[in-house]
Amino acid sequence: MSCVRAVLLAQCLPRSRAGVQNAVLPGALFSQVPPFLPRGLHCSSSPLSSVKAPVPRPPEPGKKPGEVRAPHEELFQPAPGGARDKASFALAVQNFGRHSVRKRGHVDFIYLALRKMPEFGVERDLAAYNLLLDVFPKEVFRPRSAFQRIFTHYPRQQECGVAVLEQMERHGVMPNKETEFLLLQIFGRGSHPMLKYVRMRLWLTRFQNINPFPLPHELPQDVVELATLGLRRVEPDLSARVTVYQKSLPADTTDPVDPIQPHIVGIQSPDQQDALARHNPARPLFVEGPFSLWLRNKCVYYHILRADLPPPEEKDVEEIPEEWNLYYPMKLDLDYARSSWDDYEFDIDEVEEGPVFAICIAGAHDQETLAKWIQGLQEANPALARIPVVFRLAGSSGELRTASGLEDSRQTRREGQVDHEHLQRQQQSQS
Amino acid sequence: MEEVDSRKIDQEGKIPNDTLEKLRSLGLFGMQIPEEYGGLGLSHTMYARLGEAISLDGSITVTLAAHQAIGLKGIILVGTEEQKTRYLPRLASGEHIAAFCLTEPNSGSDAASIQTRAVLSEDKKHYILNGSKIWISNGGLASVFTVFARTKVADANGSAKDKITAFIVERDFGGVTNGKPEDKLGIRGSNTCEVHFEDTKVPVENVLGEVGGGFKLAMNILNSGRFSMGSLSAAMIKKLIEMTAEYACTRKQFNRKLSEFGLIQEKFALMAQKAYVMESMAYLTAGMLDQPGLLDCSVEAAIVKVFSSEGVWQCVSEALQILGGSGYMKDQPYERMLRDARILLIFEGTNEILRLFIALAGLQHAGRILTTRMNELKRGSVRVIMETVGQRLRDSLGQTVDMGLTGQLGLVHPSLEDSATKLEQNVYYFGRTVEALLSRFGKSIVDEQLVLKRVANILINMYGMVAVLSRASRSVRIGLRDHDHEVLLANMFCVEAYFQNLFSLSQLDKDAPENLDHQTKKIAQQILEKRAYICAHPLDRMS
């Protein structure tokens with residue numbers, strides 16, 4: 001391969017000096033090869049860089065031995081005082097083409113750019129992907145004979161094109177006619193990226209509505225609104241009411257992550273309210289949590305207020321009033337019950353769980369915040385004042401900010417605090 | 001009745017006083033009150049016949065019905081002598097008007113949620129009544145109310161339970177206020193308003209029936225007032241036929257009279273048929289009620305009510321349609337009659353609830369008879385199993401059913417023989433289906449409302465067939481005028497009802513392809529989950 005390259009280089013050298021540099025105009029999305037350029041397509045226009053390229057550069061000093069800096073990574077360093085956004089991404093991509101029209105290492109550059117996209121926040125942006133596809137040289141990788149069409153022509157580049165499209169698919173970006181034209185120019189009609197594009201056009205349209213519980217595309221930034229969204233997903237009953245017990249106040253410090261007052265948002269439906277009013281005060285209620293709920297890429301944690309199922313002996317039979325319906329008998333006094341042929345009640349997958357009375361999402365996961373939630377719930381459910389509430393807060397690893405030491409002490413404190421809470425509540429209700 | 005200006009009553013929302021005076025002088029306020037208390041003492045049949053005459057104006061009919069059929073029925077049924085002598089004469093003369101107070105904001109058919117309370121006072125001579133009732137007909141005009149309230153009743157084993165009791169409350173007892181008359185779609189002349197009771201003192205002597213017996217009394221009152229709707233509706237349809245036939249035979253379009261077009265003729269045939277069936281059913285039921293002894297004709301009365309209300313709604317709609325654009329205008333009476341007829345489907349028990357009642361009452365009766373059979377089958381007695389298997393085999397091979405309606409000593413005139421055979425077949429296969437349903441569902445059939453609806457429809461059709469066949473045979477045999485027209489109407493109704501029944505029966509089979517209950521429930525569940533129509537708009541694109 002290298003000898004062929006050397007021969008081509010020898011042919012190109014005299015021509016390239018007279019050749020016109022192919023400048024990539026900023027802002028132009030297509031780079032068309034000007035027809036008047038009398039150079040070989042496979043030659044690089046600057047003779048010096050082609051000599052330097054085969055020799056690998058030694059790692060720059062000041063780097064850790066394990067960390068290998070990808071070539072062209074310095075293009076993606078933010079300008080001093082500049083933000084990492086779409087414009088700087090576009091600038092970085094264009095700068096790649098600027099320093100050499102041959103675009104050596106474009107495959108690696110494209111992979112690098114794909115990795116850098118989330119940092120710049122452009123992974124959902126179709127224009128960025130089109131810009132990236134534009135980095136490929138045009139007309140070079142198109143197969144020109146049947147033999148080339150049989151085998152994957154320029155497999156690394158085709159893989160790279162497919163990788164770009166895969167990232168688009170992963171982020172749900174729909175390619176458009178520009179992408180199609182670019183792919184056609186770069187890879188030709190029967191190539192793998194083109195096939196992938198055609199399949200994306202079909203299946204991405206069909207898959208737009210397959211989520212039975214769709215989330216809005218842009219998640220709300222406000223914590224309380226995000227909590228409301230999460231609660232509405234957990235409790236699908238449309239009659240349920242969301243109450244904001246406490247709004248999170250921004251602290252005076254610049255740290256927005258840890259406000260003084262965490263937000264508490266709760267949800268309860270009228271059926272749950274009725275069930276709570278009927279609940280036997282002798283059986284305790286448990287506040288369990290936190291359970292995680294993923295909303296796209298954000299995780300919120302919710303707590304539930306539930307009770308255990310009463311044991312079958314204690315379950316009170318629903319009293320059917322004797323004189324109930326004025327118009328027709330609600331109960332036929334016949335001896336026989338439903339035959340097994342028509343019995344659709346048994347479902348082996350359904351497990352009877354205890355009732356859940358309310359759900360909340362709070363900023364902090366400690367007992368004080370949740371106690372405030374219970375107090376807020378008491379306004380709508382006066383029966384809650386007489387029922388003991390046990391806090392069963394599981395410590396979960398990961399994104400919770402509580403230290404594990406505090407968690408252990410909290411769990412041991414829990415047993416002792418049950419009675420304390422009960423007494424506290426009784427005192428509160430009496431006062 | 002010709003002097004009544006229905007249009008004015010509809011527009012003003014009030015019946016003029018001189019009309020009420022005339023009704024009083026005719027004694028129409030006491031049609032069912034026995035003669036010794038000053039009423040006309042009419043039997044059920046005569047009451048139905050008079051009802052036909054009154055039915056021309058909906059508001060007057062409803063005012064009189066609310067006064068007599070439900071307002072005073074309680075006193076007539078279970079009132080003591082003293083209560084009767086105190087109230088009935090004045091009510092019969094129309095001096096006082098009665099109203100029936102049962103419905104509350106939270107309880108329509110659910111008697112357990114009545115919140116009006118009557119507490120015995122300390123001197124045990126009065127009940128203090130507190131509560132409010134809504135949608136009381138004659139609420140503004142009435143001075144005697146039959147009110148249903150909860151009282152504490154000591155049970156047999158000593159525990160105190162809340163039971164419903166009926167009271168006769170006069171407006172003079174104090175604390176009775178009524179709201180303003182409601183603005184309604186139809187029967188605008190009748191006065192419907194809320195009635196509030198605040199610390200009304202009701203003497204103990206005014207308890208109607210026994211303390212705690214209010215529920216049964218309410219059921220009896222409601223069940224007994226229904227059958228007259230058949231004759232009322234029939235009279236309305238007869239008047240409609242006259243009015244629209246006049247129009248259809250004079251108006252010409254495309255050089256032909258409207259009456260020559262097939263679709264218009266179909267409408268007239270439908271109206272005549274419905275009127276005939278309604279009349280027959282109503283008078284058959286009235287006749288049964290008039291027989292000596294206490295017969296429970298609540299199911300038949302409910303059937304009459306359901307069929308008549310739906311039939312009259314359909315017929316008034318068709319009559320309006322015959323007139324086309326002019327039927328839609330307010331200066332013609334059709335739109336007023338349509339609006340008045342709409343309430344018939346709702347009050348006195350909504351048609352859906354009555355269908356459930358018809359089906360459940362019948363199934364209860366059938367269930368008791370079949371219990372012994374079912375028990376034996378479950379125990380596996382060989383003889384019963386062989387009988388059942390033999391019967392099923394004969395059914396599937398298509399046996400002929402003979403119940404004595406046709407043939408040499410048949411009850412039905414030979415010109416109605418085919419219809420009678422159809423009725424017999426329907427009855428037989430209905431019996432088989434009911435057995436199958438009870439063995440499939442048992443007690444839990446109360447929850448299968450779609451199944452009960454079909455059973456009720458079959459029952460309504462069958463009762464109509466019975467009524468129509470008996471009336472037609474009688475008119476042929478005694479030689480009434482135009483009896484061949486009656487035979488024609490009877491046969492036509494029987495054929496239609498027969499095929500409708502066959503379809504319903506096929507839908508009641510297990511896993512029948514005609515039965516779309518499962519799909520209905522699934523669609524309803526998905527829509528009610530989102531509380532909206534969930535399909536994407538036809539113009540939506542996936543671009």
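This is a predicted model: local features need pLDDT of at least 70, side-chain atom pairs count only at pLDDT 80 or more; totals for chains, interfaces and linings use all residues.
## Where the two chains meet

Let's start with the interface. On the chain B side, 45 residues are in contact with 28 residues of chain A. Putting the two together buries about 3300 Å², and carbon and sulfur atoms give 57% of that area. Within chain B, the residues that lose the most area to chain A are Phe215(B), Lys443(B) and Met542(B). Together, this trio makes up 18% of what the chain B side buries.

## The second largest pocket

Next up is an open space. The second largest pocket has a volume of about 1500 Å³, and 45 residues line it. Nearest its centre you'll find Met219(B), Asn220(B), Asn223(B), Asp296(B) and Ser298(B).

Five helices of chain B each put at least two residues into this lining: α4 (58-78), α6 (214-224), α8 (262-290), α9 (298-323) and α12 (351-379). The top contributor is α6(B), with 7 residues. Sorted by class, the pocket lining comes out as 23 nonpolar, 13 polar and 9 charged residues.

Rolling a water-sized probe over the atoms is a way to show where empty space remains. Searching the whole structure turns up 8 cavities of 30 Å³ or more. The largest cavity holds about 300 Å³ of space, and its lining runs to 26 residues. Thr61(B), Val62(B), Ala65(B), Leu232(B) and Leu344(B) are the ones nearest the centre of that cavity.

The elements supplying two or more residues to the lining of the largest cavity are α3 (44-54), α4, α7 (228-250) and α11 (334-342), all in chain B. Here α4(B) has the largest share, with 6 residues. α4(B) also turns up among the helices that each give at least two residues to the lining of the second largest pocket.

Now for the sulfurs. A disulfide covalently joins the sulfur atoms of two cysteines. How many disulfides does a search of the whole structure find? Over all chains, the count is 0.

Definitions and conventions:
Residues are numbered from 1 along each chain as its sequence is written. Chains are lettered from A and ligands numbered from 1 in the order in which they are written. Side-chain values use heavy atoms; hydrogens and water are left out. On a 1 Å grid over the protein atoms alone, a cavity is a set of points where a 1.4 Å probe fits but cannot get out, and a pocket is an open set with protein on both sides within 12 Å along at least five of seven lines; lining residues have an atom within 4 Å of a point. Grid points are joined across faces, edges and corners, and a volume is the space filled by probe spheres set on the points. Helices (H or I, at least four residues) and strands (E, at least two) are DSSP runs, numbered from the N terminus. Ala, Val, Leu, Ile, Met, Phe, Trp, Tyr, Cys and Pro count as nonpolar, Asp, Glu, Lys and Arg as charged, and the others, Gly among them, as polar. A disulfide is a pair of cysteine sulfur atoms within 2.5 Å. Contact means heavy atoms within 4.5 Å. Buried area is the accessible area (1.4 Å probe) that two parts lose on being put together, summed over both.
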